[in-house]
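Please look over the sequence and the model below before reading on. The paragraphs that follow lead from the packing of side chains to the charged pairs.

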Amino acid sequence: MDREDIAALMTAHGQRAQEVASLHILRASSLTPAAHLFLVDHASELATLDLTRWLSIAANEKRLDVLNAFERLALENAARFEFEVARAPKSALTAAEKQALITRLQGKASAGVISALSGESPTAPPPLASEWNPADLLGDEPFPPAGASTHADTAGAPTESLSDLLGDDLDFFDGSGGEEPSELPMFAPVSACPNLTQLLTRWQGASSTRARSALKKEALALAADLGEDWSTHVSELPAFMRDAAILRARSSNRPAERAALLEWLLLHKAPLGLLTDLATSLFESTQAAEGVRQWVAQSYLPKLYSTKPAWTKHGKVVLWALISRRGFGELDEFLTSTVSGTGPAMVPQSGGGEALIPAIFTAFSAALLEQLERAVQSGSPSAVGLSAALTVLGVSKKAEAQLGRLRRKKKAKGPTARLLSKVPFRSSRPGLTLTDLITTVHVLAGTLP
């Protein structure tokens with residue numbers, strides 16, 4: 001990486017040196033002279049982890065520059081140095097370097113810094129927060145039977161009830177078995193649904209095709225009327241209300257209601273593209289509670305995209321839906337849960353987890369290339385950011401011709417052209433890791449307008 005490459009990355013990241021260092025320069029196994037000089041010039045802007053990574057890849061004759069940066073950190077932010085460097089269990093500092101820092105800091109740094117450099121144990125990390133789960137809104141009653149599997153593209157273990165899908169880790173009710181819900185922490189108290197109840201009762205009594213057709217139309221009209229809250233009544237919906245459920249999942253201003261409808265539609269085998277659109281549209285709503293957004297990203301979308309066919313068919317769509325809505329935090333959580341299999345209530349799938357990375361890579365790089373081509377053609381400022389992301393992710397050999405066309409376009413100039421020349425090719429089974437995917441997401445978050 002030379003000075004021109006770094007300058008192009010600085011343009012892409014809005015002159016934020018820490019992002020360029022962390023997301024690009026320090027991912028290399030060694031540093032060029034230009035990269036090392038950049039880190040020296042911007043040492044005061046680097047995070048503690050950046051300094052540690054810098055030390056781990058710096059040439060022996062250059063480590064003194066990193067020690068200078070650590071010394072400045074210890075004097076300017078003693079607590080940060082003490083707990084993030086000196087007390088780190090796997091420090092990149094050698095014993096000789098620690099002693100050199102003690103000598104240089106003696107009489108200038110706090111006593112805690114000096115003693116910590118002797119190797120005291122790190123503090124314990126804070127406990128993890130729990131996640132919100134829409135199953136708690138619906139109690140323990142199963143949905144109407146909808147077959148032995150979930151979605152056709154994500155078929156896995158047989159699922160007979162909502163609790164099978166989502167578990168029951170949290171309890172929003174007051175211990176009465178879900179019959180009398182107490183006030184929910186994130187939503188208004190649930191109201192009765194007399195109109196919905198009346199419609200369902202009339203359906204049970206309807207025997208003719210004509211009567212039932214009329215009730216289906218009435219169900220659509222009722223779904224468009226948001227006066228009632230269906231959140232805790234979704235499990236009562238019969239299959240004939242599928243179109244009404246889709247309409248309400250699009251139009252409801254209640255995040256909990258939309259989440260419950262998403263689960264109902266999944267069990268009733270709605271198409272993957274439709275479920276993706278309904279789920280990602282929740283990120284557009286300013287009313288979507290954080291718990292619902294987290295559930296969609298960490299649990300619902302990973303269930304939909306737990307197989308290679310799902311990624312092959314709709315991977316580009318779901319990735320760009322999140323990117324275009326600037327749902328970078330949700331995209332981070334989605335990929336992490338999908339690859340690691342640690343999301344709440346994940347449905348076990350054979351061949352999932354890390355085995356999905358090649359399919360995710362293919363969809364991710366294809367989505368970025370497609371959008372980059374449009375951005376270059378239209379002169380959009382997002383072109384440089386998309387190019388920066390591709391320097392991290394790379395593209396498959398199958399996309400060589402497409403990347404070649406982009407590199408030859410006259411409109412691809414300046415920093416965009418420079419970064420396009422640095423996009424690597426990867427095999428069909430790349431040596432990518434989850435970290436590479438998440439780094440790409442962070443680059444997009446820091447560069448797209």
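Which residues does tryptophan 54 touch, not counting residues up to four places away in sequence? Its contacts (heavy atoms within 4.5 Å) are Leu26, Leu31, His36, Leu39, Val40, Ala43, Leu46, Asp65, Val66 and Ala69. This is a predicted model, in which local features need pLDDT of at least 70 and side-chain atom pairs count only at pLDDT 80 or more, while totals for chains, interfaces and linings use all residues. Residues are numbered from 1 along each chain as its sequence is written, and side-chain values use heavy atoms, with hydrogens and water left out.

Trp54 is also among the residues with the most contacts inside the largest nonpolar core, which has 128 residues; such a core is a set of buried Ala, Val, Leu, Ile, Met, Phe, Trp, Tyr and Cys residues joined through side-chain atoms within 4.5 Å, where buried means under 20% relative accessible area, exposed over 50% and partly exposed in between (1.4 Å probe, protein chains only). Helix α19 (residues 357–378) gives the most to this core, with 11 residues; helices are DSSP runs of H or I, at least four residues, numbered from the N terminus.

Turning to charges, there are 20 salt bridges, each a side-chain nitrogen of Lys or Arg within 4 Å of a carboxyl oxygen of Asp or Glu. Glutamate 97 pairs in this way with arginine 63, their closest N and O atoms being 2.7 Å apart. Because glutamate 97 lies in helix α7 and arginine 63 in helix α5, the pair ties together parts that are 34 residues apart in sequence, and both residues are buried.

Note on methods: Helices (H or I, at least four residues) and strands (E, at least two) are DSSP runs, numbered from the N terminus.
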